[in-house]
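Have the model open while you read.

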Amino acid sequence: MLDRPLTERSQIRRRLPNQRWQIYPQKVELAEKLASLTNLSPIISQLLINRGIETPAQAQAFLEPESIVLPSPLEEFPDLAMSVELLQEAIASQSKIAICGDYDADGMTSTALLLRSLRALGARVDYAIPSRMHEGYGINKRIVEEFHSEGVKLILTVDNGISAYEPIARARELGVKVIVTDHHDIPQQLPPADAILNPKLIAESSPYRGVAGVGVAYILAVCLAQQLGETRGLIQPMLELFTLGTIADLAPLTGVNRRWVKRGLKHLPKSRLPGVQALIQIGGVQAKEAGEPRSSGATSLTQGAGKKNSSKSLKPEDIGFRLGPRINAVGRIGDPQTVIDLLTTDDMGIALTRAMQCEQTNTSRQQMCEEIEQEAIAYVESEFTASLPQDRVLVVVQPEWHHGVIGIVASRLVERYGVPVFIGTYEDAGHIRGSARGIPEFHVFEALEYCRDLLGKFGGHKAAGGFSLPAENLELVRSRLIDFANQCLEPQHLKPLLKIDAQANFDHINHQLFQQLNALHPCGIDNPDPVFWTANVQVIEQQIVGKGHIKVKLAQTINNQQYTIKAIAWRWRDYYPLPQRVDVAYKLRENTFNGNTTIELELLGVRLTTISSQIFYTSPKTHPLKTTFHYQERQYTCGIYQNNYLPELRIKNPEGKILVMHPGSIIGLLGTSREEAIEVDISQPQYDSIIQAALQALSYINAES
């Protein structure tokens, strides 16, 4: 009989994404009530409910952020008035000011924002950014002493400094004043700065609580300009840099971030900053009609924006996937001065040159990520796949990987394997430096704390972190992390979590629905793009395109009418070809080609059709679920059987040949016995059709039993 499992090689080659689907409960009555009170569609109301917005007042505040009356930042940040005063004094006396920035997008946009604004306000100001490879994150004593030797009287940190006690203490010893602007977690001991601006030090209820480093810099710069009465021509460029940095840093798009980013996205397409124009041009970004009034640029942090009639706007994904990576790539593997020059120059020629350098660096970064990712996957597949369910964490260390990009690779490995990932490379023979990325049920910083005595420097938060360690401690660290992971993770956690907003059918996916979703924009962290799912769709065309993406055409039959739609699945080459019958989860995207705009899907998840899963996993375990059915005027028998504790479908034709399939695999066996059976691709139409007929017949039997 056909009693041996499918080959392991086939299972690996033809697997589907390993995901947990979490579908929000559909609160139909509440959605309809909210829709009637707000003049929204029920689907938009349901999406708001999924985001914790259940009353008309909450909906208005979310959908119309300019309607909120903001408190003055001077009332919210205790040291803001002192910071403005220190900067005023330095400008008036022409004392030298120096900015210490960071090499990520948040730090570089913050540095550029304050350089532009302080220079425009008459300050003598320069900057420094520590070396990512040789010094690591944040202000240090070398930078402080170098600033002092150059005659600097006031240091301004951006996106760093809150944990830099010793360097800031050294600055005070040297008689240099310090303003810390940062947004990272508060340490046990604050640095001895003259003023500290950090949203983590203000009330949790404050609308300013979620700003990134560039948000703190923006607040400081605008308040200073207002105090000096010099806001004309300054606010809009600063708002554009705030928008770039906030989205690229994955800051939450709530509170003032949502208000200002929404405003900034409308300004970016018509930016007067040569660097922004060059980035948009090199990145191939095209603005879209926003479908709502345009802001004219407020001169106060707390005012609402003025209104005009027509507008084109960027979307957060334009920055997150096109502009931001070109900035971040330079901070990862290039010279941050390239980005600072790009964003502070007023010369379009220089801007285009620097933008092209960003483009070239980003191309190198992409190639580097691809190579390291493939090497990491090969290493994991050969060394750790068997032990992964028991280890519940991946620790991957190899020589000659570039530290600047291994964090990106760590995120991709989390996406692939569904476990926390600690990835590192050897800086020299005796030292390892790495990055970590987590999953929702795992706290990265606490895991690093658990290994404190084995590590060198480390830091981070719940979702991500960085670390270093002596090479001889690697296996001890691996063992300690496995112990920690087993304390907090259960087997069901070891799948990437996909949160889904609502079910949709293809006949409802159109331009009207897409326009309705614009009400939720800008989407990002804490306000994600809506995710829909559709059951039992057919994959009628598929091909690999670009660097391992799958381009597909999907079909759904509703009331005997077929609806088709195109879709793209980024970096899914390992799942090619997809089964012919699947449930799909996706975001909606616009695609404009040759002047025609269509709505397409960006696939985020795929699984065997729900009906298949139900039949396989709810059928009796003690005896097979069996029935007969007719297909193309021939009678077949079929059943769900347990084989090595795994369910499988067997279909027998009148000549005695048996087709066997397992859920999650698109390779089946066909023959009269397993010994002589051949492997077949059951996603092919001749097999898929008969499998669907068998599952349909079994579903009737299962429902009655």
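Start at tryptophan 533: the charged end of arginine 607 sits over its ring, 5.3 Å from the ring centre. For a charge to count as sitting over a ring, NZ of Lys or CZ of Arg has to be within 6 Å of the ring centre and within 35 degrees of the ring normal. A second case is arginine 650, whose charged end sits over the ring of tyrosine 641, 4.4 Å from the centre.

A word on the ground rules: this is a predicted model, where local features need pLDDT of at least 70 and side-chain atom pairs count only at pLDDT 80 or more, while totals for chains, interfaces and linings use all residues. Residues are numbered from 1 along each chain as its sequence is written, and side-chain values use heavy atoms, with hydrogens and water left out.

## Ring pairs

The structure holds 16 aromatic pairs. Rings of Phe, Tyr and Trp (its six-membered ring) pair if their centres lie within 6.5 Å; planes under 30 degrees apart are stacked, over 60 edge-to-face, and the rest tilted. One of the pairs is tryptophan 21 with tryptophan 533, edge-to-face at 6.2 Å centre to centre and 75° between the planes. This pair links distant parts of the chain, with tryptophan 21 in strand S1 (residues 20–23) and tryptophan 533 in strand S16 (residues 532–545), 512 residues apart. Helices (H or I, at least four residues) and strands (E, at least two) are DSSP runs, numbered from the N terminus. Both tryptophan 21 and tryptophan 533 are buried; buried means under 20% relative accessible area, exposed over 50%, and partly exposed in between (1.4 Å probe, protein chains only).

Now look at phenylalanine 242 and tryptophan 260: their ring centres are 5.5 Å apart with the planes at 75°, so this pair is edge-to-face.

## How the helices pack

Two packed helices are described by the angle between their axes and the distance between the axes. Helix H10 (residues 213–228) and H11 have axes that come within 9 Å and cross at roughly 165°. Here axes are lines fitted to C-alpha atoms, for helices over the stretch in contact, and angles run from 0 to 180 degrees between N-to-C directions. H10 and H11 are therefore roughly antiparallel; the cut-offs are under 35 degrees for roughly parallel, over 145 for roughly antiparallel, 65 to 115 for roughly perpendicular, and oblique for the rest. Tyr218 of H10 and Phe242 of H11 are among the residues making the contact, where contact means heavy atoms within 4.5 Å.

H13 and H16 pack at about 45°, with their axes 8 Å apart. That makes H13 oblique to H16. The contact includes Pro274 and Gly275 of H13, along with Met348 and Ala351 of H16.

Helix H15 (residues 337–344) is largely enclosed by the rest of the structure, because six of its eight residues are buried. Its buried residues pack against several elements, including H11, helix H13 (274–283) and helix H16 (348–383).

Most residues other than glycine have a negative phi, and most peptide bonds are trans. Which peptide bonds are cis here? One joins histidine 521 and proline 522, with omega about 5°; another runs from tyrosine 576 to proline 577, with omega near -5°. Proline 522 is in the loop between helix H21 (511–517) and S16, whereas proline 577 lies in the loop between strand S18 (561–569) and strand S19 (581–593).

Aspartate 159 has a positive phi, near 60°. It lies in the loop between strand S4 (152–158) and helix H9 (165–173), and is buried at 0% relative accessible area. Glutamate 633 also has a positive phi, near 65°, but glutamate 633 is exposed, at 81%.
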